[in-house]
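I opened this notebook to keep track of what I looked up, one topic at a time. The entries are meant for someone who has not seen the structure before.

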Amino acid sequence: AWLNLEYDGTLTFLHEFSRRGDRRFFHEAEIAGRHWMDIDQCHYPPSRIGAQHVHGPQGMGYKPQSGGGHAWVDGLLAFGHLFADPRARQMGLNHGSAKLRQRLPVKYDDGTGGITQMSREYGWPALAFLSLYADTWDQRYLEPARFYVETFLQVPEPWPYYGSIPHLVDSAQGWMIQVVALPIIEYYRLTGDKRFARAITLYAE
């Protein structure tokens with residue numbers, strides 16, 4: 001059950017179908033996508049519509065979430081377009097609305113002993129907001145994405161490693177740093193804001 005919503009499985013299957021042309025992946029994408037829409041997303045009460053159940057040992061044993069990680073949107077948007085399924089896209093938009101209701105506070109070390117939050121928990125919602133913006137061009141999604149990525153840039157250099165959990169940088173889990181870098185790259189791609197070009201270079205180096 002931990003694997004459910006560990007990653008965006010629907011998007012992964014769609015990527016593999018696009019790469020290989022093997023309809024088995026298309027079939028698996030439909031299974032994953034419809035499970036996601038019907039079971040993994042909250043449909044009641046109204047205050048939780050669009051949130052997703054936190055993954056865990058019982059599959060749906062934890063409270064719903066929308067602000068942080070392991071709560072996705074890209075697969076639903078892609079599913080809606082490729083399957084011509086307006087409900088899938090609407091479910092993605094519903095999750096976007098849930099994210100707008102539960103934005104995470106971002107803190108960084110300002111010299112007073114504050115906690116640096118340069119983690120995937122903030123990179124994931126930033127990337128989701130950017131995906132929603134690219135799909136809708138709705139400024140409501142760009143504003144919170146900008147909030148996250150601009151806060152990332154305020155973190156002292158060396159970026160993006162400052163404040164990261166040390167073992168993540170030098171171990172096999174160093175890939176988690178990319179969850180911070182990817183929204184920086186996507187924000188630059190969508191907006192052309194040159195402030196982020198240097199951050200991308202630092203990440204690549």
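The entries below go through ring pairs, helix packing and a few backbone details.

**Ground rules.** I am working with a predicted model, in which local features need pLDDT of at least 70, side-chain atom pairs count only at pLDDT 80 or more, and totals for chains, interfaces and linings use all residues. I number residues from 1 along each chain as its sequence is written, and side-chain values use heavy atoms, with hydrogens and water left out.

**Aromatic pairs.** I looked for rings of Phe, Tyr and Trp (its six-membered ring) whose centres lie within 6.5 Å, calling planes under 30 degrees apart stacked, over 60 edge-to-face and the rest tilted. The structure holds eight such aromatic pairs. I then asked why the pair of Trp72 and Trp124 counts as edge-to-face. The ring centres of Trp72 and Trp124 are 5.2 Å apart and the planes stand at 75°, so the pair falls in that class. This pair links distant parts of the chain, since Trp72 sits in the loop between β2 (64-65) and α3 (74-82) while Trp124 belongs to helix α5 (residues 120-136), 52 residues apart. For these names I rely on DSSP runs numbered from the N terminus, helices being H or I with at least four residues and strands E with at least two.

Are the two tryptophans buried or exposed? I take buried as under 20% relative accessible area, exposed as over 50% and partly exposed as in between, with a 1.4 Å probe and protein chains only. Trp72 is buried at 11%, and Trp124 is buried at 10%.

Phe79 and Phe83 form a stacked pair, with 4.1 Å from centre to centre and 15° between the planes. Phe79 is buried at 0% relative accessibility, and Phe83 is buried at 17%. I also noted that ring pairs join Phe17, Phe26, Phe79 and Phe83 into a cluster.

**Helix packing.** For axes I use lines fitted to C-alpha atoms, for helices over the stretch in contact, with angles from 0 to 180 degrees between N-to-C directions; contact means heavy atoms within 4.5 Å. The axes of helix α4 (residues 86-101) and helix α6 (residues 139-154) come within 11 Å and cross at roughly 45°. That angle makes α4 oblique to α6, given that under 35 degrees counts as roughly parallel, over 145 as roughly antiparallel, 65 to 115 as roughly perpendicular and the rest as oblique. Where the two helices meet, Leu93, Gly96 and Leu100 of α4 touch Arg140, Tyr141 and Pro144 of α6. Arg140 also lies over the face of Tyr141, at 5.3 Å from the ring centre, where the rule asks for NZ of Lys or CZ of Arg within 6 Å of the centre and within 35 degrees of the ring normal.

Helix α2 (residues 23-40) and α3 pack at about 115°, with axes 10 Å apart. Their contact includes Ala29, Gly33 and Trp36 of α2, and Gly75, Leu76 and Phe79 of α3.

**Backbone details.** The peptide bond from Tyr44 to Pro45 is cis, with omega near 0°, and Pro45 lies in the loop between α2 and β1 (52-53). Which residues other than glycine have a positive phi? Ala84 has phi near 50°; Ala84 lies in the loop between α3 and α4 and is exposed at 64% relative accessibility. Trp137 has phi of about 60°; Trp137 lies in the loop between α5 and α6 and is exposed at 52%.
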